[in-house]
Amino acid sequence: MVLDQTVAPLAPWSARLLAGQTLTIVDVGGNQSADFLVYNAHDTDERYSAPDTLAWQGNAYLREGSVLRSNLGRPLMTVTGNEIDRQDTIGGACSKESNTLRYGFHTEHQHGCRENFLAEAARHGLGARDLVSNINWFMNVPVEPDGALGIVDGMSAPGKRVAIRAEMDVLVIVSNCPQMNNPCNDFNCTPLRMLVTDPLRETGPDNA
């Protein structure tokens, strides 16, 4: 274990992972979306690409074995463990603007995942032009028969986990989704737990 941190409700988080390290995200309270972006740590112009990821795997959802592809088609991370049926990569991120449009002007003071992404990205020299379509771990976004996307009750539960292994050195940025206006998380934002493990440290000569 090289990192064990709790992300407070509504808050952003980021970390750099070395190739081979695994990030495990724990849904502490259940049905709490972890909005997720990932970049090449050494060249952030290479970053997660939803179209490339979906095209390579031929599926709209992420499951164990799914490879997160960059805009250059290269593997950034691989899902090595997943405790819910499917993970969303098409639902996008909430924002002040989308909150106001969907839920009314009384929500315009509430920040969304876009604002979390911008605040955390700025710590790494990134800005609005560096934000791309994101993954929503633990969020349930079914594709309806008419092609529309639904945002419905989640399929996760307290303590459920997803594990993603870095295939290169990466920068990960997460928004612990501050959305409290729809029932997908029972109108209750809860913490996330971030665990980073390194198998090389476990099996290296100092631990032999």
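Student: Why is D45 called exposed?
Tutor: The relative accessible area of a residue decides the label: under 20% is buried, over 50% is exposed and in between is partly exposed (1.4 Å probe, protein chains only). D45 has 53% relative accessibility, so D45 counts as exposed. This is a predicted model, in which local features need pLDDT of at least 70 and side-chain atom pairs count only at pLDDT 80 or more, while totals for chains, interfaces and linings use all residues. Residues are numbered from 1 along each chain as its sequence is written, and side-chain values use heavy atoms, with hydrogens and water left out.

Student: What makes R47 and D45 a salt bridge?
Tutor: The term requires a side-chain nitrogen of Lys or Arg within 4 Å of a carboxyl oxygen of Asp or Glu. The closest N and O atoms of R47 and D45 are 3.9 Å apart, so the pair meets the rule. R47 itself is buried, because its relative accessible area is 9%.

Student: How many salt bridges does the structure hold?
Tutor: There are 9. One of them joins E83 and R161, at 2.8 Å from N to O. E83 lies in the loop between strand 7 (75-82) and strand 8 (87-88), and R161 in strand 10 (residues 160-166), so the bridge ties together parts 78 residues apart in sequence. Strands (E, at least two residues) and helices (H or I, at least four) are DSSP runs numbered from the N terminus.

Student: Is R86 buried or exposed?
Tutor: R86 has a relative accessible area of 17%, so R86 is buried. Its side chain forms a salt bridge with D85 at 3.9 Å, N to O. D85 is partly exposed, because its value is 46%. Elsewhere, salt bridges with shared partners join D45, R47 and D130 into one network.

Student: What makes a set of residues a nonpolar core?
Tutor: The members are buried Ala, Val, Leu, Ile, Met, Phe, Trp, Tyr and Cys residues, joined through side-chain atoms within 4.5 Å. In the largest core, which has 30 residues, L23, I25, F36, M77, W137 and V172 touch the most other members. Among the strands that each supply at least two residues of this core are strand 3 (22-27) and strand 11 (170-176). A second, separate core has 8 residues, including L37, Y39, F117 and L131. In soluble globular proteins, nonpolar side chains tend to be buried together.

Student: What joins the side chains of T89 and Y48?
Tutor: A polar contact of 2.2 Å joins them. That term means a pair of N or O atoms within 3.5 Å; within protein, one must be able to donate a hydrogen and the other to accept it, and residues adjacent in sequence count only if both atoms are side-chain atoms. T89 sits in the loop between strand 8 and helix 2 (96-103).

Student: Why does T89 count as buried?
Tutor: T89 is buried because its relative accessible area is 2%. Not counting residues up to four places away in sequence, T89 touches Y48, A50, L54, A60, L62, N134 and I135, where contact means heavy atoms within 4.5 Å.
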